[in-house]
Amino acid sequence: PAITLGRLLAGRIRAGAAAAYAAAQVLGALVGALALFGILRTLPSIPDSRTAFDTVAAGFADHSIIQAPLAAVVLLELLGAAIIVAVFLGAAGRGGNRTVAAVAVGLSFAALLQVGQSVGNLPFNPARAVASAVFSSGWAMGQLWVFLVAPLAGAAIAGLAFRITTGAEPAVANARSNDGKAGGGRIRTDADLPEADDADADGPDTDGPGADSLDGATMGNDDDGAAAPGTGAGTPATAGREKPRVSEAQEFFDGKRS
C-alpha cells in the first residue's frame with residue numbers, strides 16, 4: 001500500500017486502480033497470515049499461536065527488541081518507506097526496465113528489513129503490519145496505527161516529490177483530462193469521427209482542420225455509402241477515400257441512435 005500511495009500521488013496510477021490494489025494487498029496479507037496461524041495451531045510445541053505471532057509483530061517501547069522509543073520507530077518507518085517508494089518510482093519510471101525495477105526494490109527492501117527487524121520487526125509495509133497485528137495479542141493492535149501512518153506518510157513525501165520534479169505519466173494525465181470531455185474519457189473510435197451524413201443539419205465540422213475537407217472540397221457519404229452531391233468526390237485527391245460504415249449497434253451505444 002505504501003508504494004501504491006506513492007504511485008497515486010506521483011501521477012502513475014489512477015485512484016480507482018490504487019484503491020483496488022490496496023484492498024487486494026491487505027486481503028492477500030490477511031489470507032497469508034491466516035494460513036500461517038492455522039499451521040501454528042497444529043504444532044503441539046506451540047500452545048498459543050497468538051504468542052507465536054507476537055514474535056513477528058511490529059512494536060515499539062516494551063515490545064521492541066532494543067526498547068526503541070516511539071519517535072525512533074516513526075522516523076525509521078517514515079524514512080524507510082520513502083526510500084522504497086523513491087527507488088520504485090525512479091527505477092520504474094518512463095522508459096524504465098521492469099526487471100531492473102523489481103531487483104532494485106527487492107534489494108532495497110531486504111536491506112531495510114535487516115535494520116527494521118533489529119529495531120522492532122518494522123515491516124515498512126502497512127498490509128503486513130495489519131496482518132501480523134490481527135493474529136497477535138492485543139498490544140499489537142494498540143500500536144498498529146504507527147505502522148500505518150508512518151509508512152504512508154513517507155510514501156506520500158516520496159510520491160509528491162516525484163510529482164513535483166517529473167510530473168504525471170502521460171497516459172494518466174491524458175486519461176484525467178479526457179474525463180472532463182463529452183464521453184467521460186471514453187477511447188475515441190471511428191464512431192466519434194465527424195460524419196458527413198449530418199453535415200447539412202449540424203453545420204460545419206469542428207473536430208479539426210482537414211477532417212472532412214481537402215483542397216476546398218467537402219467530402220461526405222450518404223446512408224448508402226455513395227458520395228453526396230456536390231462533395232467533389234470525383235476529384236483525384238478524394239477518389240476511393242470513403243469513410244468506413246459504422247454499425248447501428250455502435251451508434252446506439254455511442255448515444256447517436258435512440
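At what angle do helix 1 and helix 4 pack, and how far apart are their axes?

**Entry 1: ground rules.** I am working from a predicted model, in which local features need pLDDT of at least 70 and side-chain atom pairs count only at pLDDT 80 or more, while totals for chains, interfaces and linings use all residues. I number residues from 1 along each chain as its sequence is written, and I take side-chain values from heavy atoms, with hydrogens and water left out.

**Entry 2: helix 1 against helix 4.** I looked up the packing of helix 1 (residues 2–10) on helix 4 (residues 70–91) and found an angle of about 55 degrees, with the axes 9 Å apart. Helices here are DSSP runs of H or I with at least four residues, numbered from the N terminus; the axes are lines fitted to C-alpha atoms over the stretch in contact, and angles run from 0 to 180 degrees between N-to-C directions. The two helices are therefore oblique to each other, a word kept for angles that are not under 35 degrees (roughly parallel), over 145 (roughly antiparallel) or 65 to 115 (roughly perpendicular). I noted the crossing as right-handed, meaning that the near helix is turned clockwise from the far one by less than a right angle.

For the contact (heavy atoms within 4.5 Å), I listed Ala2, Ile3, Gly6, Arg7 and Ala10 in helix 1, which meet Ile84, Val85, Phe88 and Leu89 in helix 4. By class, this contact has 7 nonpolar, 1 polar and 1 charged residues, with Ala, Val, Leu, Ile, Met, Phe, Trp, Tyr, Cys and Pro counted as nonpolar, Asp, Glu, Lys and Arg as charged, and the others, Gly among them, as polar.

**Entry 3: burial in helix 1.** I found Ala2, Thr4, Gly6 and Ala10 buried, that is, under 20% relative accessible area with a 1.4 Å probe, protein chains only. Their cover includes helix 2, helix 4, helix 6 and helix 8 (146–166). Just after helix 1, I noted that Gly11 takes a positive phi of about 80 degrees.

**Entry 4: aromatic rings.** I found 3 aromatic pairs, a pair being rings of Phe, Tyr or Trp (its six-membered ring) with centres within 6.5 Å, stacked if the planes are under 30 degrees apart, edge-to-face if over 60 and tilted otherwise. Phe37 and Phe53 form a tilted pair, 6.1 Å centre to centre with 50 degrees between the planes; Phe37 sits in helix 2 (residues 15–41) and Phe53 in helix 3 (residues 49–54), 16 residues apart. Phe53 and Phe135 form a tilted pair too, at 5.8 Å and 35 degrees. Phe135 lies in the loop between helix 6 (126–134) and helix 7 (138–142), so its pair with Phe53 ties together parts 82 residues apart in sequence. Phe37 and Phe53 are both buried, as is Phe135, and ring pairs link these three residues into a cluster.

Conventions. Buried < 20%, exposed > 50% of the residue type's maximum accessible area, 1.4 Å probe, protein only.
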